[in-house]
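Student: I would like to go through this structure by question and answer. Please give the cut-offs as the terms come up.

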Amino acid sequence: MNGRTIYLLAALAGGAILPVQVALNTLLRRYVGQPMQVTFISYLAGTLASLIICLLARYPLPALTSLSQTSWWMWIGGCLGTLYVWSTIFATPKIGAVLALALTIAGQTIAALFLDHYGVLGLTKYAASPTRIVGVVFVILGVSLVAGSKAVIE
């Protein structure tokens, strides 16, 4: 296995986990109520899991001097994650997991194309080549196919 393969597999595994997360959060909503309450529970469980992993791996705490050198806007990643989790919990019961995730993938892909092309937020620049643009168009076409199918099994 070459060096790039591990990153490709990690990204694929992360993507494969998302529909399970969405399904679990949607199920939890039936018992808890509001999507934001479920989002809180999801992030609390994730925070505890991250803490346990950091402790078990014996990762040192970040230096306060390093943290003090960051800008306030660098800390909003968790807030954006909250919006993502909430949006899937909110939308999935009404439009289904496939369409909800297809739309999030399309949104991610479109945004990522711009972030890569301009090297925004410290990312390495990867040009929005015609091939990459066609790939994003195929993603959008795939979402259109998923959205056009309204078969509900009762």
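Student: How many aromatic pairs does the structure hold?

Tutor: This is a predicted model, in which local features need pLDDT of at least 70, side-chain atom pairs count only at pLDDT 80 or more, and totals for chains, interfaces and linings use all residues. Residues are numbered from 1 along each chain as its sequence is written, and side-chain values use heavy atoms, with hydrogens and water left out. Rings of Phe, Tyr and Trp (its six-membered ring) pair if their centres lie within 6.5 Å. By that rule the number of aromatic pairs in the structure is one.

Student: Which residues form that aromatic pair, and is it stacked or edge-to-face?

Tutor: Planes under 30 degrees apart count as stacked, over 60 as edge-to-face and the rest as tilted. The rings of Trp-86 and Phe-90 are 4.9 Å centre to centre, with 15° between the planes. Both residues lie in helix 4, four residues apart, about one turn of the helix. The pair is Trp-86 and Phe-90, and it is stacked.

Student: How many helices and strands does the chain have?

Tutor: Helices (H or I, at least four residues) and strands (E, at least two) are DSSP runs, numbered from the N terminus. Read along the sequence, the pattern is α-α-α-α-α-α. The count is six helices and zero strands.

Student: How are helix 4 and helix 5 oriented to each other?

Tutor: Axes are lines fitted to C-alpha atoms, for helices over the stretch in contact, and angles run from 0 to 180 degrees between N-to-C directions. Helix 4 (residues 77-95) packs against helix 5 at an angle of about 140°, with the axes 7 Å apart. Angles under 35 degrees count as roughly parallel, over 145 as roughly antiparallel, 65 to 115 as roughly perpendicular and the rest as oblique. Helix 4 and helix 5 are therefore oblique.

Student: What is the class make-up of the contact of helix 4 with helix 5?

Tutor: Contact means heavy atoms within 4.5 Å. The contact includes Tyr-84, Thr-88, Thr-92 and Ile-95 of helix 4, and among the residues of helix 5 are Leu-101, Thr-104 and Gln-108. Ala, Val, Leu, Ile, Met, Phe, Trp, Tyr, Cys and Pro count as nonpolar, Asp, Glu, Lys and Arg as charged, and the others, Gly among them, as polar. The contact has seven nonpolar, four polar and no charged residues.

Student: Which residues does Val-22 contact beyond its neighbours within four places in sequence?

Tutor: Val-22 is placed in helix 1 (residues 3-32). Its relative accessible area is 1%, so Val-22 is buried. Leaving those neighbours aside, Val-22 is in contact with Tyr-84, Thr-88, Thr-92 and Leu-101.

Student: How is helix 5 oriented to helix 6?

Tutor: Helix 5 and helix 6 (residues 130-148) pack at an angle of about 165°, with their axes 9 Å apart. That angle makes helix 5 and helix 6 roughly antiparallel.

Student: Which residues does Asp-116 contact beyond its neighbours within four places in sequence?

Tutor: Asp-116 lies in helix 5 (residues 97-118). With a relative accessible area of 18%, Asp-116 is buried. Apart from those neighbours, Asp-116 is in contact with Leu-123, Thr-124, Lys-125, Tyr-126 and Arg-132.

Student: What is the phi of Leu-121?

Tutor: Most residues other than glycine have a negative phi. Leu-121 lies in the loop between helix 5 and helix 6, and at 64% relative accessibility Leu-121 counts as exposed. Its phi has a positive value, near 60°.

Student: Where does Arg-58 lie?

Tutor: Arg-58 has a positive phi, near 60°. With a relative accessible area of 74%, Arg-58 is exposed. Arg-58 lies in the loop between helix 2 (35-57) and helix 3 (64-68).

Student: What share of the chain counts as buried?

Tutor: The C-alpha atoms fill a box of roughly 55 × 45 × 35 Å, taken along the principal axes. Of the 154 residues of the chain, the share that counts as buried is 16%.

Note on methods: Buried means under 20% relative accessible area, exposed over 50%, partly exposed in between (1.4 Å probe, protein chains only).
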